[in-house]
Amino acid sequence: MSASPEGLASVLAPVRHVLLDFDGPVCSVFAGFPAADVARRLTGLLSGPDGPPPGHEESDPLAMLRRIADEREDLVPLADETLARLEMEAVDRAQPTPGARAFLEECQASGRSVWMVSNNATVAIERYLAAHGLDRLVAGQFGRVSGHPESMKPSPQLLSAAMAAAAAKPGDCVFVGDAVRDVEAAHAAGMEAIGYANKPGKGAALTKAGAVAVVTSMDSLARAMANGRT
Ligand SMILES: [Mg+2]
C-alpha cells in the first residue's frame with residue numbers, strides 16, 4: 001500500500017526539515033557484508049578469556065551492541081568502536097536504495113534540509129554519503145552516540161539533537177524510516193513519521209505503529225516532494 005499523492009502532499013506541506021533514517025531509505029547497509037557476518041566478526045573480535053560477548057547469538061550486530069550495553073557495560077566502548085569499523089567496511093559494499101538520490105535532490109530543490117538520524121555509526125554514514133556524492137545534499141548526520149547505545153532509536157535522543165542543530169520545532173519536521181522503532185522515536189520527539197515499507201508486511205506494521213503515511217518506494221516520496229514544489 002501507499003499513501004495517496006494528496007495525502008503525502010498535505011503531510012509534506014508544512015515540513016521544512018526532513019529527518020531521514022539511513023539503513024533502508026538511503027541504502028541497504030549490510031547488502032554486501034551481511035549483518036549476520038558482521039555479528040560473527042564482532043563476536044570474534046570481542047571474545048576473550050571469559051568467552052564470547054553477550055548477544056553473540058544475535059544475527060543483528062546492533063542488537064548485540066544493545067545486549068552488551070545491558071550485560072557488560074565495561075565492554076561498550078570497545079564494542080561500539082569495533083562495530084563502527086565493521087560498519088565502515090559494510091558501507092563500501094552497501095546497496096543504494098532506488099529513489100534515494102532523487103528524494104535528497106528534491107528535498108534540496110524544495111528548500112528543505114535533510115538530517116540523517118540513524119542507529120548506525122556516524123563515521124560510516126559520512127563515508128557512504130561522501131563516496132556516493134550525497135554529502136552536499138545532507139545538512140548533518142546523527143548516528144548513535146559512540147559508547148552510548150542507549151542513544152539509539154526508539155530513543156528520541158538523536159532526533160532531538162538533529163532538531164536542535166536545525167533550530168527546528170517538531171511541527172517543522174518529519175521523520176522517514178523503515179522500522180517501527182523509527183515511528184516510535186518520531187512520536188517520542190513530537191513529530192510525525194512517514195514509513196518506508198521496503199518489504200512485504202512492513203506497511204501494516206508501520207501503519208499500526210502510527211505512521212502518518214506509508215510509501216513503498218523512495219521514488220514515490222521524491223515525486224511527492226517534486227509535485228509540492230510549485
Ligand atoms: Mg532503517
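In this predicted model, a network of salt bridges links Glu 57, Glu 58, Arg 67 and Glu 71. The structure contains 15 salt bridges. One of the others lies within helix 4 (residues 76-91), where Arg 85 and Glu 81 are four residues apart, about one turn of the helix. The closest N and O atoms of Arg 85 and Glu 81 are 3.9 Å apart. Glu 81 has a relative accessible area of 49% and is classed as partly exposed.

A further salt bridge joins the side chains of Asp 92 and Arg 127, with an N to O distance of 2.8 Å. This pair connects distant parts of the chain: Asp 92 is in the loop between helix 4 and strand 3 (95-96), and Arg 127 is in helix 6 (residues 122-131), 35 residues apart. Asp 92 is partly exposed at 47% relative accessibility, and Arg 127 is partly exposed at 37%.

The magnesium ion is coordinated at 2.1 to 2.2 Å by Asp 21 (OD), Asp 23 (O) and Asp 178 (OD). The donor residues follow the sequence spacing D-x1-D-x154-D. Asp 23, in the loop between strand 1 (17-20) and strand 2 (27-28), and Asp 178, in the loop between strand 6 (173-177) and helix 8 (180-188), are 155 residues apart. Asp 23 is partly exposed, with 26% relative accessibility, whereas Asp 178 is buried at 10%.

Asp 21 also forms a salt bridge with Lys 153 (2.9 Å, N to O). Lys 153 lies in the loop between strand 5 (140-144) and helix 7 (157-166), 132 residues from Asp 21 in the loop between strand 1 and strand 2. Lys 153 and Asp 21 are both buried.

Definitions and conventions: Residues are numbered from 1 along each chain as its sequence is written. This is a predicted model: local features need pLDDT of at least 70, side-chain atom pairs count only at pLDDT 80 or more; totals for chains, interfaces and linings use all residues. Side-chain values use heavy atoms; hydrogens and water are left out. Donors are N, O and S atoms within 2.8 Å of the metal (3.2 Å for Na, K and Ca); water is not among the atoms, so sites may look incomplete. Helices (H or I, at least four residues) and strands (E, at least two) are DSSP runs, numbered from the N terminus. Buried means under 20% relative accessible area, exposed over 50%, partly exposed in between (1.4 Å probe, protein chains only). A salt bridge is a side-chain nitrogen of Lys or Arg within 4 Å of a carboxyl oxygen of Asp or Glu.
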